[in-house]
Amino acid sequence: MTTVTFGPLSDDSASINVSGFGSSPSGDYLGIVVNTAPLQIDAGSTTVGSDFAPGLGDVIGRDLASTGADFTNSVISWQVDLPPVPANFIPGTFNVTATFASQLEFGGAVFSSTQPNALNFELLLGVSSVATFQAQSGNHTSATLSGNQVSGDPVTTVTVTATFPNGNSFNADSEQFRLFSDSLVVEGSFQIPEPSTALLGGLALLGLLRRRR
């Protein structure tokens with residue numbers, strides 16, 4: 001058998017499925033920073049306010065569940081597409097390891113001691129969830145996830161998502177977050193038959209066919 005390795009493959013640019021502005025853009029928003037002076041998100045011309053000093057590519061949000069905006073169903077995500085596995089790979093030899101890390105800042109008032117402002121992170125190998133982490137304001141300044149699959153079926157994607165718990169997350173004008181220095185890194189391997197083994201197998205099959213004739 002020959003072991004084929006791939007990676008490290010990485011994604012350090014977050015994407016958001018639903019972002020934008022509420023009725024008060026300076027106070028209600030979710031997006032990716034595209035300009036820092038003035039502070040703008042999502043390629044819009046609207047200037048937003050923040051207690052942070054974010055950099056380009058950072059994710060920032062404020063007042064996500066108010067009468068002016070409701071982004072609680074939005075998903076921040078990172079995804080790595082894996083290389084295709086050849087048809088002759090040896091079943092049960094596909095291995096993959098994924099690690100995710102990001103830095104966090106929280107601002108404003110914590111909703112409560114038992115229901116803080118939070119970001120729910122999840123790591124998926126294909127469609128299988130392998131790790132979760134809830135980053136909470138007042139408790140965490142970073143989020144890390146890691147997971148692996150050993151000797152399983154091939155997967156085509158590795159994804160990390162960050163979502164907001166409904167009803168208790170960033171629902172007052174002062175509550176905000178910043179997510180930065182984020183990266184998802186994936187490595188893996190699988191095995192294929194040795195070329196000589198495949199050739200010998202083919203020759204043996206030819207010999208068997210000749211005998212049957």
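The legends below describe several close-up views of a predicted model.

**View 1. Confidence along the chain.** The mean pLDDT of this predicted chain is 88, and 91% of the residues reach 70 or more. Residues 197-213 have a pLDDT below 50. Apart from near neighbours in sequence, this stretch makes 0 contacts in the model. Where pLDDT is low, the predicted coordinates should not be read in detail.

**View 2. The surroundings of Trp 78.** Which residues are in contact with Trp 78, leaving aside its neighbours within four places in sequence? They are Asp 11, Ser 13, Ala 14, Phe 100, Phe 121, Val 158, Thr 159, Val 160, Ala 162, Leu 179, Asp 182 and Leu 184.

**View 3. Thr 161 in strand β12.** Thr 161 is part of strand β12. Is Thr 161 buried or exposed? Its relative accessible area is 16%, under the 20% limit, so Thr 161 counts as buried. Not counting residues up to four places away in sequence, Thr 161 touches Val 75, Ile 76 and Ser 77, and also Asn 120, Phe 121, Glu 122 and Leu 124.

**View 4. Two cis peptide bonds.** Most residues other than glycine have a negative phi, and most peptide bonds are trans. Gly 7 and Pro 8 are joined by a cis peptide bond with omega at about 0 degrees. Pro 8 belongs to strand β1 (residues 2-11). Another cis peptide bond links Ala 37 to Pro 38, with omega at about 5 degrees. Pro 38 sits in the loop between β4 and β5 (39-41).

View 5. Asp 42 has a positive phi, near 60 degrees, and is not a glycine. Asp 42 lies in the loop between β5 and β6 (59-62), and its relative accessible area of 30% makes this residue partly exposed. Ser 181, also a residue other than glycine, has a positive phi near 50 degrees. Ser 181 is in strand β13 and is exposed, with a relative accessible area of 53%.

View 6. A pair of aromatic rings is described by the distance of the centres and the angle of the planes. The whole structure contains 8 aromatic pairs. Phe 164 and Phe 170 are both buried. The rings of Phe 170 and Phe 177 have centres 5.3 Å apart and planes at 50 degrees, so this pair is tilted. Phe 170 is buried at 0% relative accessibility, and Phe 177 is buried at 0% as well. Phe 106, Phe 164, Phe 170 and Phe 177 make up one aromatic cluster.

**View 7. A charge over a ring.** The charged end of Arg 178 is placed over the ring of Phe 180, 3.7 Å from the ring centre.

Notes:
Residues are numbered from 1 along each chain as its sequence is written. This is a predicted model: local features need pLDDT of at least 70, side-chain atom pairs count only at pLDDT 80 or more; totals for chains, interfaces and linings use all residues. Side-chain values use heavy atoms; hydrogens and water are left out. pLDDT is the predictor's confidence in each residue, from 0 to 100. Contact means heavy atoms within 4.5 Å. Helices (H or I, at least four residues) and strands (E, at least two) are DSSP runs, numbered from the N terminus. Buried means under 20% relative accessible area, exposed over 50%, partly exposed in between (1.4 Å probe, protein chains only). Rings of Phe, Tyr and Trp (its six-membered ring) pair if their centres lie within 6.5 Å; planes under 30 degrees apart count as stacked, over 60 as edge-to-face and the rest as tilted. A charge sits over a ring if NZ of Lys or CZ of Arg is within 6 Å of the ring centre and within 35 degrees of the ring normal.
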